[in-house]
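Please open the structure in a viewer and follow the stops below in order. Each stop names a selection and then describes what is found there.

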Amino acid sequence: MSFVDFISALSPVKRDDACQLVSHDSKSNTAVNHYTYSIEICPLCREDLVLLPKMYYNKLGGIGPFVLVHKVYSSIVFIDPSTLRAGEITGNLYWKHQFQPLANSRQLMIYFVIEIQLTGMV
């Protein structure tokens, strides 16, 4: 297993491979090739806040549009903080219509609501 395959198994990636002929010996029928790999890794991490595009939250059964990334592996699992419902999209679906996180886990803050005062307005 190569390093590129290892990264592809752990995260949604966009992969490009290239092969270039460096030299060729026709008498001994040998060739030297240069292989180049390019990988773009999904920028989403666990506990990132994401605004899902409309097409995604319709496909995920109406969760969102503001969701948290729960887990990232070859697919991405989202959780809706208001309903605690989860949804999953594959890496290939993510790369068709990419989106960026609004805030990462370091920018988010944990807080507790201690008191609620009703105003009568809806």
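Helices (H or I, at least four residues) and strands (E, at least two) are DSSP runs, numbered from the N terminus. The model is predicted: local features need pLDDT of at least 70 and side-chain atom pairs count only at pLDDT 80 or more, whereas totals for chains, interfaces and linings use all residues. Residues are numbered from 1 along each chain as its sequence is written, and side-chain values use heavy atoms, with hydrogens and water left out.

**Whole chain**

From the N terminus, the order of the elements is α-β-β-β-α-β-β-β-α-β. The radius of gyration (taken over C-alpha atoms) is 22 Å, well over the 14 Å that the globule rule (2.2 Å times the number of residues to the power 0.38) gives for 122 residues, so the chain is more spread out than a compact globule. Its C-alpha trace spans about 90 × 30 × 20 Å along the principal axes. Buried residues (under 20% relative accessible area; exposed is over 50%, partly exposed in between; 1.4 Å probe, protein chains only) make up 22% of the 122 residues.

**Helix α1**

Select Phe3 and Phe6 in helix α1 (residues 3-10). Rings of Phe, Tyr and Trp (its six-membered ring) pair if their centres lie within 6.5 Å; planes under 30 degrees apart count as stacked, over 60 as edge-to-face and the rest as tilted. The structure holds five aromatic pairs. Phe3 and Phe6 form a tilted one, with 6.5 Å centre to centre and 35 degrees between the planes. The two residues are three apart in the helix and thus separated by about one helical turn. Phe3 is exposed at 61% relative accessible area, while Phe6 is partly exposed at 40%.

Next, select Tyr56 and Phe99, an edge-to-face pair at 5.4 Å centre to centre and 65 degrees between the planes. Because Tyr56 lies in helix α2 (residues 54-59) and Phe99 in the loop between α3 (91-96) and β7, the pair ties together parts that are 43 residues apart in sequence. Tyr56 is buried at 0% relative accessibility, and Phe99 is buried at 7%.

**Strands β1 and β2**

Move to strand β1 (residues 13-25) and strand β2 (residues 30-41), which pair (at least two DSSP bridges between strands) in the antiparallel sense over twelve bridges. Ser23 has Val32 in β2 as its bridge partner. Four residues lie between the strands of this hairpin, where Asn29 takes a positive phi near 55 degrees.

Which strand is largely enclosed by the rest of the structure? Select β5 (residues 75-79): four of its five residues are buried, so this strand is largely enclosed. With strand β4 (residues 66-72), β5 pairs in the antiparallel sense over four bridges, and the hairpin of β4 and β5 has two residues between them. Val72 has Ile76 in β5 as its bridge partner.

Strand β6 (residues 86-90) pairs with β5 in the antiparallel sense over five bridges. Here Ser75 stands opposite Thr90 in β6. The hairpin of β5 and β6 has six residues between the strands, and Leu84 takes a positive phi near 60 degrees.

**After β7**

Finish at Leu118, in the segment after β7 (101-103). Leu118 is exposed, with a relative accessible area of 78%.
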